[in-house]
Amino acid sequence: MPKLSTRLQRFRTGSPLSFRLLAWILLFSSAFTLVASALQIYSDYRKDLSQIDNRMQVVESGYASSLARSLWALDQKLLQTQMEGILSLPDVVHLRLRIEPDSELVMGEIPRDAKTTSHSFSLVHQGDEMFKLGELTVTADLDRVYDELKRKVGVILLTQFLKTFFVSILIIWIFQHFVARHLTTMANYARDFSLTTTSKPLTLERPNTPSNRNDELGRVTDAINQMRERLNADMERQQKDAAEIRKFSKAIEQSPSSVLICDRQWRIEFANRKFTQLTGYEAASIIGKHPGALGDNDIENRDSRHLWQSIRLQVQRVGVWQGEVNSVRRNGERFWEQLIVTPIKDEAGGTTGYLILGEDISIRKRYEQQLLRQANYDILTGLPNRMLALDRLKLALAQARRESTLVGVMFLDLDNFKHINDTLGHDAGDNLLIEAARRISSCLRGTSTVARLGGDEFLVILPGLTGPEASSQVAERILKTFSPPYILNGQEVFVTTSIGIAIFPTDSDNSGTLLQHADAAMYQAKHKGKSSFAHFAPEMTEVSHERLKMESSMRRALELKEFELYFQPIVNTDSGTLCSVEALLRWNNPAMGMVMPDRFIPLAEETGLITPIGEWVLLEACRAAMGWKEATGKDIGISVNVSPRQFRDPGFTEAVMHALATSGLAPEQLELEITERLILDNSIETAEILRQLDKAGIRLSVDDFGTGYSALSYLKSYPFDTLKIDKSFVQDVMKEPEDASLVRAIINMAHSLGLRVIAEGVEEEAQTHFLKKEGCDFSQGYFYSRPLPAADFDAWLANNHRV
């Protein structure tokens with residue numbers, strides 16, 4: 001017994017499920033056995049009772065007739081024999097025969113405390129009539145039945161219990177072998193399962209057959225292993241996610257943008273390092289605060305709260321807010337910040353917090369303000385530029401329409417600015433423009449506007465005029481302020497301005513036309529002699545239109561081959577023989593006829609067309625010189641005038657070398673005539689270009705010498721070969737002693753510097769004698785030949801025997 005108890009205890013401890021299963025099997029089996037045994041015993045009991053009842057019926061059916069006959073015949077002995085026969089039947093212990101009318105015969109004895117059952121039936125005689133003879137009561141003893149019942153109950157219960165117990169043990173063993181021990185293995189596997197053991201799969205100690213793989217244990221094993229694999233995958237994913245989170249965390253922490261993370265109530269939960277660097281606030285000091293409550297000033301906090309209220313509404317409605325905010329650092333310094341505010345949402349789409357990205361855009365804002373100023377103001381003078389001036393003009397016109405007043409528009413152009421800029425240099429020209437802007441501004445009231453349109457052109461807007469004469473008064477004040485000299489590079493320079501005036505709405509009712517009319521009036525003022533002003537008149541539009549027409553035609557002149565070269569010989573003063581030729585540009589337009597250079601060259605310089613035109617002149621002049629060499633067999637030099645704008649073009653040197661290379665002309669046969677005002681611009685660029693040309697062997701000449709009054713000190717600084725005396729001095733050399741003395745001095749000075757001298761504008765023979773006497777090297781003028789077109793010059797060349 002102790003050994004069995006120990007085993008049961010171990011069994012109960014090692015396999016609780018099996019023990020409980022055994023208990024439940026025994027319980028239900030016992031209950032079922034009891035019910036089944038009770039039913040079987042009851043059935044047998046009912047069967048024994050039924051046998052006794054049947055036996056009673058047999059007694060009635062078998063003895064009723066014979067007893068009735070014996071009783072009718074009063075055969076007592078037979079009757080007794082018959083009753084003894086009945087009494088000898090199993091279980092029958094007592095007979096009671098009641099004989100009519102009142103006698104009774106009893107046989108047998110009923111045991112005390114015995115359980116009995118009785119059956120009575122009548123004895124009748126069948127004759128003509130039916131007579132009831134008596135009634136027999138048969139009593140049977142049930143003790144045998146009950147003893148049998150008790151015996152069966154003991155036997156059945158014992159056998160059923162043993163059978164149930166051993167069957168239960170067998171079932172439990174089978175369950176333990178096929179199920180419970182594997183469940184224990186699963187439990188131990190699950191108990192030992194951790195993140196470090198996910199590589200070891202669950203295996204059961206049973207054959208790996210298809211039936212085993214498909215049963216419940218197999219499916220559970222597969223499920224656990226699949227769970228393990230998913231967990232491995234999840235772990236790998238979580239490790240990757242954790243790495244990503246760490247990477248994103250580092251990215252946020254090291255982000256060049258400031259990062260704030262707030263909860264749903266806009267309380268700060270996180271601030272990265274850039275935010276601390278940007279604002280000066282430590283992250284720990286602002287946790288739990290609202291982003292709009294970081295300022296120290298009540299007004300700032302109030303404005304900030306209003307701003308963040310707008311941000312909150314915008315984020316709720318649209319889902320994002322982006323804008324520029326003028327924030328404040330902890331030390332009170334203000335700075336511009338670009339903010340992007342977005343909600344942080346969970347998987348269900350609910351807002352769990354807010355992300356605020358910030359970037360310091362103070363430098364960009366300064367650049368924007370600078371660009372805005374550059375877009376609207378002239379960098380040099382600080383005046384409004386053309387764009388801003390046109391906006392203000394439109395506003396002034398709109399106000400004048402409402403108030404029925406006049407607006408004056410004045411177009412100003414500095415006289416001879418290009419000459420000063422080319423002569424004294426760009427720095428001097430810039431200083432001149434700055435001082436001119438100051439002088440013009442000093443003549444205006446606060447509501448007026450002065451703007452620089454570009455170059456040396458200025459625009460003045462005079463709103464709220466009561467009459468045209470008010471603009472004249474302003475113009476007179478401006479002209480008066482230009483009377484004092486300008487000090488440029490230590491020199492006194494007198495600069496005047498020409499002013500054109502147009503009045504709204506008298507001259508026009510729109511800004512564009514007003515500007516055109518003021519421009520036309522300005523050109524009229526220049527024609528009047530400069531340093532004057534002129535009001536617009538309708539006939540001025542013709543002049544302006546002619547200028548526009550000329551510019552438009554000139555832009556197509558190269559393509560239409562309307563330009564042509566005229567040639568004028570340059571001869572040796574002593575012998576009169578030809579030594580070189582000057583190429584002179586002419587424009588033969590079908591509509592305007594022959595246009596002289598003094599009409600279109602200034603316009604070409606203004607528009608920049610002088611550069612492509614000059615390149616064409618260089619190439620054609622070199623080709624012409626090569627043609628003369630082929631015709632005469634002699635080298636004839638060619639001189640070409642170079643404008644200041646053309647000379648300063650970055651591609652000028654390449655254009656000259658291209659013309660020589662294309663035509664095949666030797667460099668020493670080309671002479672470039674450069675104006676005196678250009679060499680007075682003592683710049684590094686000018687010196688470098690002249691040095692490159694001289695190094696290439698190209699001859700350099702100073703054209704119109706004497707008109708600048710200050711070029712003598714510069715001649716020794718540049719590699720010039722020739723000096724040309726301006727015709728204004730040569731034409732009066734025989735009349736004006738001063739001019740004769742000046743020409744004589746120029747010749748002597750040039751020879752002392754090793755320069756050859758060419759006298760321009762020689763028209764009389766007496767002038768040639770003077771020039772010979774003074775030792776002038778070469779002469780050029782009508783006395784020898786007028787400028788001739790190419791065909792006529794070829795004829796002159798063929799007929800001139802002094803070549």
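Predicted model: local features only at pLDDT ≥ 70, side-chain atom pairs only at ≥ 80, totals over all residues.
1. The structure holds one cavity of 30 Å³ or more, and the volume of the largest cavity is about 30 Å³. Its lining is made up of Thr611, Glu615, Gln646, Asp649, Gly651, Phe652 and Ala655, and these residues divide into two nonpolar, three polar and two charged. Helices α18 (610–632) and α20 (652–663) each supply at least two residues of that lining.

2. Turning to charged pairs, a search of the whole structure finds 23 salt bridges. One of them joins Lys724 to Glu673, with the closest N and O atoms 2.8 Å apart. Lys724 lies in strand β23 (residues 722–725) and Glu673 in strand β21 (residues 670–675), so this pair ties together parts that are 51 residues apart in sequence. Both Lys724 and Glu673 are buried, and the two residues also belong to a network of salt bridges that links them with Glu582 and Glu760.

3. Glu104 and Arg96 form another salt bridge, in which the closest N and O atoms are 2.8 Å apart. Glu104 is partly exposed, its relative accessible area being 46%, and Arg96 is likewise partly exposed, with a value of 34%.

4. A salt bridge also connects the side chains of Glu333 and Arg329, at 3.4 Å from N to O. Here Glu333 is partly exposed, with a relative accessible area of 41%, whereas Arg329 counts as buried because its relative accessible area of 16% falls under the 20% cut-off.

How values were computed:
Residues numbered from 1 in each chain as written. Heavy atoms only, no water. 1 Å grid on protein atoms, 1.4 Å probe; cavity = no way out; pocket = protein on both sides within 12 Å on 5 of 7 lines; lining within 4 Å. Points joined across faces, edges and corners; volume = space filled by probe spheres on them. Helix = DSSP H or I, 4+ residues; strand = E, 2+ residues; numbered from the N terminus. Nonpolar A, V, L, I, M, F, W, Y, C, P; charged D, E, K, R; others polar. Salt bridge = Lys/Arg side-chain N within 4 Å of Asp/Glu carboxyl O. Buried < 20%, exposed > 50% of the residue type's maximum accessible area, 1.4 Å probe, protein only.
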